[in-house]
Amino acid sequence: MKVSAKRQITLPIDQCVIAHIDKGDEVESFVDRQGVISIVKKSTGAAGGILKGIKAAADASEDESLQSAIN
């Protein structure tokens, strides 16, 4: 696999089949502390149960939210 000038990659079709990733699907990527990249298909409503009942602070910036999650 080679990274393009735009830092894009093409996922191998056999891996997409196993991960149930189809053309047009949205994916999320994560990097762990060892530099391993994981690509996960987004699922609509996947966090619904986890976030149920949690109210968002409308006045919090994205950076403040990130920092609160890190701490």
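**Figure 1. K42 and its two salt-bridge partners in the predicted model.** With a relative accessibility of 41%, K42 counts as partly exposed in this predicted model. K42 pairs with E28 in a salt bridge whose closest N and O atoms are 3.4 Å apart. E28 is partly exposed, at 32% relative accessible area. A salt bridge also joins K42 to E26, and here the closest N and O atoms are 3.6 Å apart. E26 sits in the loop between α1 and β1, and the pair spans 16 residues of sequence. E26 has a relative accessibility of 52% and counts as exposed, because the exposed class starts over 50%. Through shared partners, the salt bridges connect E26, E28 and K42 into one network.

**Figure 2. The salt bridge between K41 and D25.** Searching the whole structure gives three salt bridges. One of the residues involved is K41, which forms a salt bridge with D25; their closest N and O atoms are 3.3 Å apart. K41 is in strand β2 (residues 37-41), while D25 is in the loop between α1 (13-19) and β1 (27-31), so the contact ties together parts that are 16 residues apart in sequence. Both side chains fall in the intermediate accessibility class: K41 is partly exposed at 32% relative accessible area, and D25 is partly exposed at 29%. Side chains of opposite charge can pair when their charged atoms come close.

**Figure 3. A19 and K41 across the chain.** A19 is a residue of helix α1. Its relative accessibility is 36%, so A19 counts as partly exposed. Along the chain A19 and K41 are 22 residues apart, and their C-alpha atoms are separated by 7.5 Å. The K41 end of this pair lies in strand β2.

**Figure 4. The nonpolar surface patch.** Seven named residues make up this view: M1, V3, I9, V27, V31, I37 and I39 form a nonpolar patch on the surface. Together they have about 670 Å² of accessible area. Strands β1 and β2 each contribute at least two residues to the nonpolar patch. V3, also part of the patch, is placed in the segment before α1.

**Figure 5. The negative surface patch.** D59, E62, D63 and E64 gather on the surface as a patch of negative charge. E62 is located in helix α3, which covers residues 62-70. At 73% relative accessibility, E62 counts as exposed, because that class applies over 50%.

**Figure 6. Confidence along the chain.** The protein chain has an average pLDDT of 84, and 86% of the residues score at least 70. Where pLDDT is low, the predicted coordinates should not be read in detail.

Note on methods. Residues are numbered from 1 along each chain as its sequence is written. This is a predicted model: local features need pLDDT of at least 70, side-chain atom pairs count only at pLDDT 80 or more; totals for chains, interfaces and linings use all residues. Side-chain values use heavy atoms; hydrogens and water are left out. Patches are made of residues with over 30% relative accessible area and no salt bridge: like charges are joined within 9 Å, nonpolar side chains (Val, Leu, Ile, Met, Phe, Trp, Tyr) within 5 Å. Accessible areas come from the Shrake-Rupley method with a 1.4 Å probe; for residues, only the protein chains shown count as cover. A salt bridge is a side-chain nitrogen of Lys or Arg within 4 Å of a carboxyl oxygen of Asp or Glu. Lys and Arg count as positive and Asp and Glu as negative; His and the chain ends are not counted. The place of a charge is taken as NZ of Lys, CZ of Arg, CG of Asp or CD of Glu. Helices (H or I, at least four residues) and strands (E, at least two) are DSSP runs, numbered from the N terminus. Buried means under 20% relative accessible area, exposed over 50%, partly exposed in between (1.4 Å probe, protein chains only). pLDDT is the predictor's confidence in each residue, from 0 to 100.
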